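Subject: The structure, and some notes to go with it

Hi,

Here is the structure I promised to pass on. Please open it alongside these notes, which walk through what turned up.

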Amino acid sequence: MAVWLLLGATGARAGTWMQVSCVNPDGSAAGDQGWSGYGLGTPGNGSVIDSNCAPGQPMTGSLSAATPAPVGTAEVLRYAPPSGSTVAGGSLTVKLTADGGGPSASGVAALYEPNLAYDGSDVFFQCANVATGACSPAGRDFTGQVTLPAGRGGSVYAEAECGGAAGGNCNTAGPDGTIATAQVGAAQFLLTSNGSPTGTGFSGTALQRGVRGTGSLLFTAGDSGPGVYHVTAFIDHRLAQVTVPNANSGACQPVGTDAPTGAWIFDASQPCPNSTAVALPVPTAGLSDGSHDLTVAVTDAAQNTAVVFDQIITTSNPQRTPIPRGRRSLHAQFVISWSWAGRTTRLRSIAIRHAPRAGTVRVTCRGRGCPRLVPDRARSARLARLLKGLAGRRFHAGDRLLVTVSAPGRRAEHLRLTMRDNRIPSATLQRR
């Protein structure tokens, strides 16, 4: 069995996740959450601002030359990161054109971060009617992927504008009929989050003394960033259970993993819930009876992990041997529970139901590991003492415990229990 080492909260560094827009890694439609569009100044008739997108349908900011556009007029697309997260990098797939202009003015299609300010600290890529450089031809048009600056934070903007000296205006269009156009066909935002997941209000059957089978741990998990993704339980530092408590209508399911960073990719700005009820199954059936360390960790969508619960629980999983019944039996029924470790088997308790009133029960053991059984027989009125004396007795694999029930005028029944290596004893019923 693999051993899983549970580390503490990853508070030493910010977790990372990625939000995609317009197109998922597999080519399917992604959302446009976090995006908005607005105009600056008085864009003329025919100007467009549309922040909706889908595969093959980019979001668009387009400045028309149908009427002169004063310098400073613009159509702006803005991405605002979700609360609790900061833009750390990523890329945009864009189409930028800036072929229009006018007296003392030029069409400009530019990308900004972290602020919409036309300066060297915010503009990181641009095309302009009067510029040369990154855009082609003649610095006016570009289609392709642009890498976002690392670690700037703030918002990301794509803008189509009329730029130039105050008082100028753009009144001529380029070949596409616009002063400038900025389109975003896809986006990948690498985001950081310093959120530390939490857990409160713990209850459930897993906390009861002597929990059996699969217990449950109930609590509320929370996260201030991209939300609670999964909850993990460890018993004695071994992985016992992993669950996604709330799929958030499918949004809390990664659509991929970013290869360079290992960040999970989502197509929603709030992929997982900030608070959710958790009903965590705690499997104990295969554990030895007694005390065990139960540790629970909550992981958010940015892979921040925090241990929210660490407590000793006690387990009790007695195994009962299924006792066969004869067709013409004495109707006596035994209920026997066991525990075992390796080749040693312990009889925890034994009880008899429907014992014949005038009957006798005898117990014998054959095998190298058999304990001494005193008393080894009793009539119905004294069965309690006999059975109590059997509780706690230990046997070895291969030992055979024979329990004989007899009554006047009835054929005796013999229950044979054969001890096995690290397994529940087998039971056979014979009549003689």
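Predicted model: local features only at pLDDT ≥ 70, side-chain atom pairs only at ≥ 80, totals over all residues.

First, a definition: on a 1 Å grid over the protein atoms alone, a cavity is a set of points where a 1.4 Å probe fits but cannot get out, and lining residues have an atom within 4 Å of a point. Grid points are joined across faces, edges and corners, and a volume is the space filled by probe spheres set on the points.

Residues are numbered from 1 along each chain as its sequence is written, and side-chain values use heavy atoms, with hydrogens and water left out.

**Cavities and a cis proline**

There are two cavities of 30 Å³ or more in the structure. The second largest cavity has about 30 Å³ of space. Its lining is made up of Leu373, Val374, Pro375, Leu386, Gly389, Leu390 and Arg393. Sorted by class, that lining of the second largest cavity has five nonpolar residues, one polar and one charged (Ala, Val, Leu, Ile, Met, Phe, Trp, Tyr, Cys and Pro count as nonpolar, Asp, Glu, Lys and Arg as charged, and the others, Gly among them, as polar).

Val374 and Pro375 are joined by a cis peptide bond, with omega about -5°. Pro375 sits in the loop between strand E27 (360–366) and strand E28 (377–379); strands are DSSP runs of at least two residues, numbered from the N terminus. The peptide bond from Glu113 to Pro114 is cis as well, with omega near 10°, and Pro114 is in the loop between strand E9 (105–112) and strand E10 (123–128).

**Aromatic rings**

The structure has nine aromatic pairs (rings of Phe, Tyr and Trp, its six-membered ring, pair if their centres lie within 6.5 Å; planes under 30 degrees apart count as stacked, over 60 as edge-to-face and the rest as tilted). In one of them, the rings of Trp35 and Tyr79 have centres 5.7 Å apart and planes at 50°, so this pair is tilted. Trp35 belongs to strand E2 (residues 35–40) and Tyr79 to strand E6 (residues 74–79), so the pair ties together parts 44 residues apart in sequence.

Are these two residues buried or exposed? Trp35 counts as buried at 8% relative accessibility, and Tyr79 is buried at 0% (buried means under 20% relative accessible area, exposed over 50%, partly exposed in between, with a 1.4 Å probe and protein chains only). Elsewhere, Trp17, Tyr229, Trp264 and Phe266 form one aromatic cluster.

**A four-stranded sheet**

An open antiparallel sheet is formed by four strands in the order E18-E17-E22-E23. Strand E18 (238–243) and strand E23 (305–315) are its edges, each pairing on one side only; two strands pair if DSSP finds at least two bridges between them. Strands E17 (residues 228–235) and E22 (residues 290–300) share seven bridges, and Val228 has Asp300 in E22 as its bridge partner. E22 and E23 are joined by 10 bridges, with Thr295 partnered by Asp310 in E23.

The hairpin of E22 and E23 has four residues between the strands, and there Gln303 takes a positive phi near 70°. His237, in the loop between E17 and E18, has a positive phi of about 70° although it is not a glycine. His237 is partly exposed, at 46% relative accessible area.

Enjoy exploring!

Definitions and conventions: 1 Å grid on protein atoms, 1.4 Å probe; cavity = no way out; pocket = protein on both sides within 12 Å on 5 of 7 lines; lining within 4 Å.
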